[in-house]
Amino acid sequence: MSKTVLITGASSGFGLMLANDLHRKGFNVIGTSREPEKYKGKVAFKLLQLDIDDDNSIASFAEEVLNRTKKLDVLVNNAGFMVTGLAEETPIDVARKQFETNFWGTVKVT
């Protein structure tokens, strides 16, 4: 039986590269995206809906994952977003949104 790996933010970037690589190596990969329907037929692994900024999305996602598999072997908390530029030039609301997503989103998914 292959190990099951959950990768948040698997529809692009590092998450997509990791999900594809692990899938090719025989792992059971479950990826997440805020809009998985946009990627239907474009990825070889399961891609489920998850918005790490939404507590209801996290709760329903957890229930769906538990219905699909009884055991997760690996969690890769990859979902998040990057803000570029100088800290002193970054609007505080943008910085707060990034922190809420990248820190608390990761904590809540875990």
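Reader: To start, how many helices and strands does the protein have?

Author: The protein has three helices and four strands, where helices are DSSP runs of H or I with at least four residues and strands are runs of E with at least two, both numbered from the N terminus. Starting at the N terminus, the order of the elements is β-α-β-β-α-β-α. Please keep in mind that this is a predicted model, in which local features need pLDDT of at least 70 and side-chain atom pairs count only at pLDDT 80 or more, while totals for chains, interfaces and linings use all residues. Residues are numbered from 1 along each chain as its sequence is written, and side-chain values use heavy atoms, with hydrogens and water left out.

Reader: And what share of the residues is buried?

Author: Of the 110 residues, 31% count as buried, meaning under 20% relative accessible area with a 1.4 Å probe and protein chains only, whereas exposed means over 50% and partly exposed lies in between.

Reader: OK, salt bridges next. How many does the structure hold?

Author: There are seven salt bridges, each being a side-chain nitrogen of Lys or Arg within 4 Å of a carboxyl oxygen of Asp or Glu. In one of them, Lys97 pairs with Asp53 at 2.8 Å, N to O.

Reader: Where do Lys97 and Asp53 sit in the chain?

Author: Lys97 belongs to helix α3 and Asp53 to the loop between β3 (46-49) and α2 (55-68), so this pair ties together parts that are 44 residues apart in sequence. Both side chains are on partly exposed residues, with relative accessible areas of 41% for Lys97 and 33% for Asp53.

Reader: Which residue does Lys108 bridge to?

Author: Lys108 forms a salt bridge with Asp55, and their closest N and O atoms are 2.9 Å apart. This pair also links distant parts of the chain, since Lys108 is in helix α3 and Asp55 is in helix α2, 53 residues apart.

Reader: What about Asp21 and Arg24, how far apart are they along the helix?

Author: Asp21 and Arg24 are three residues apart in helix α1 (residues 13-24), which means about one helical turn separates them, and their side chains meet in a salt bridge of 3.9 Å, N to O. Asp21 is partly exposed at 26% relative accessible area, whereas Arg24 counts as exposed at 63%.

Reader: Switching topic, is Phe103 buried or partly exposed?

Author: Phe103, which is found in helix α3 (residues 92-109), is partly exposed, with a relative accessible area of 37%.
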